[in-house]
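Please look over the structure below with these numbered notes beside you. Each note takes one topic.

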Amino acid sequence: MLGIGSYAFRWAGGIGDRIPPEPITPIQILDRAAGLGIGLVQIADNIPLHRQSPQAITALAERASALGMKIELGMTGCDPALVGTYLDLAGKLGASLLRIAPSAEESARSDQDVAALFRDILPAANAAKVTLAVENHFHLPSPRLVSIIEDVADANLGVCLDVANSIACEEWPAETIALLAPYAVNLHLKDFRIALDPHGVGCAIVGVPLGQGLTDIGTVYDALAKHGRTDINTILEHWLPWQGSLAPTLEHEMTWLEQSVAAARKHQL
């Protein structure tokens, strides 16, 4: 199933000191997804649901039901108390998947220690019937993530495969995809290009709408299919650079999302 992640609205939600006068709300994200004909939204830690009021969560659940929208959740860190809060939210919102990105501090620990963190929170996740999807974030290289998943060896613990994040860990996407596809329970799909400095002093990884860069969408799905991962959800994100001011940035955010949805629909499993 094709879905949209809240990180497709990173500027609309606000980042650091760049906060819109009226940040996008979870319900508005659902409405924008519905407007694009999308029936799934993953609300991650840039729109932290645990800070929403009980009334707001109830309203979100009611809106999702009215739209026929499915919800997945995302959070950072493995703190058992916060995980418990998100599992409770999952129950209220009908979510069956919780994407977790271990924090930088957690990722700096040994693989055995990180595995122990997941062993501590899995019983509650299993009881709630919520799958835990560990994202290959910027601090956790794919070989380590594979080692951790295999060490824990719980059917309810898998990988949220992000096709581009692990560039920060000195991996090219082909390596990341090959390593993590066998364990994937969720897919984050985005695109990028390599921008050469005009003065010849290096280059930068720059986000682009899906289908306009170096991400080979077909190869991603082929790798998943090879390992029988044809029923996992695809969540669209993008790395839109700041466009100089808020108004054009927010305009580009929706334009990029529309283009990414169109590109993804051509390659859906």
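1. Start with helix α7, residues 142–152. Its residues S142, L145, V146, I148, I149 and V152 are buried. Buried means under 20% relative accessible area; exposed means over 50%, and partly exposed lies in between (1.4 Å probe, protein chains only). These six positions sit on the same side of α7, because they cover an arc of only 165° around the axis. The arc is that of the directions from the helix axis to the C-beta atoms. An α-helix has 3.6 residues a turn, so residues three or four places apart point the same way. Helices (H or I, at least four residues) and strands (E, at least two) are DSSP runs, numbered from the N terminus.

2. A word on the source: this is a predicted model, where local features need pLDDT of at least 70 and side-chain atom pairs count only at pLDDT 80 or more, while totals for chains, interfaces and linings use all residues. Residues are numbered from 1 along each chain as its sequence is written, and side-chain values use heavy atoms, with hydrogens and water left out.

3. What do the buried residues of α7 pack against? Their partners are α6, β5, β6 and α8. Just after α7 comes A153, with a positive phi of about 50°.

4. Now the largest nonpolar core. It holds 75 residues, and L73, L98 and F118 touch the most other members. Helix α6 gives the largest share of this core, seven residues. A nonpolar core is a set of buried Ala, Val, Leu, Ile, Met, Phe, Trp, Tyr and Cys residues joined through side-chain atoms within 4.5 Å.

5. Take L73 by itself. Set aside its neighbours within four places in sequence, and L73 is still in contact with Q42, I43, L49, Y86, L89, A90, L93, A95, L97, L98 and R99. Contact means heavy atoms within 4.5 Å.

6. Is S107 buried or exposed? S107 counts as buried, because its relative accessibility is 3%. This residue is part of helix α5, residues 104–107. Beyond residues up to four places away in sequence, S107 touches P102, H139, L140 and R144.

7. A127 is in α6, and A127 counts as exposed because its relative accessibility is 66%. D120 is also found in α6, and D120 counts as exposed at 58%. Check two distances, C-alpha to C-alpha. A127 and L87 are 40 residues apart in sequence and 9.6 Å apart in space. D120 and E22 are 98 residues apart in sequence and 38 Å apart in space.

8. A178 lies in α8, and its relative accessible area is 52%. A178 and L240 are 62 residues apart in sequence and 26 Å apart in space, C-alpha to C-alpha.

9. Look at two loops next. K129 lies between α6 (111–128) and β5 (131–135). Its phi is near 60°, a positive value in a residue other than glycine. K129 is exposed, at 71% relative accessible area. E170 lies in the loop between β6 (157–162) and α8. Phi of E170 is near 65°, again positive in a residue other than glycine. E170 counts as exposed because its relative accessibility is 77%.

10. Strand β3 (residues 70–76) gives the most to the lining, with three residues. By class, the lining has six nonpolar, four polar and three charged residues. Ala, Val, Leu, Ile, Met, Phe, Trp, Tyr, Cys and Pro count as nonpolar, Asp, Glu, Lys and Arg as charged, and the others, Gly among them, as polar. On a 1 Å grid over the protein atoms alone, a pocket is an open set of points where a 1.4 Å probe fits, with protein on both sides within 12 Å along at least five of seven lines; lining residues have an atom within 4 Å of a point. Grid points are joined across faces, edges and corners, and a volume is the space filled by probe spheres set on the points.

11. The second largest pocket holds about 190 Å³ of space. Of its 13 lining residues, P173, A174, I177, D216 and T219 are the closest to its centre. Helix α8 gives the largest share of the lining, four residues. By class, this lining has 10 nonpolar, two polar and one charged residues.
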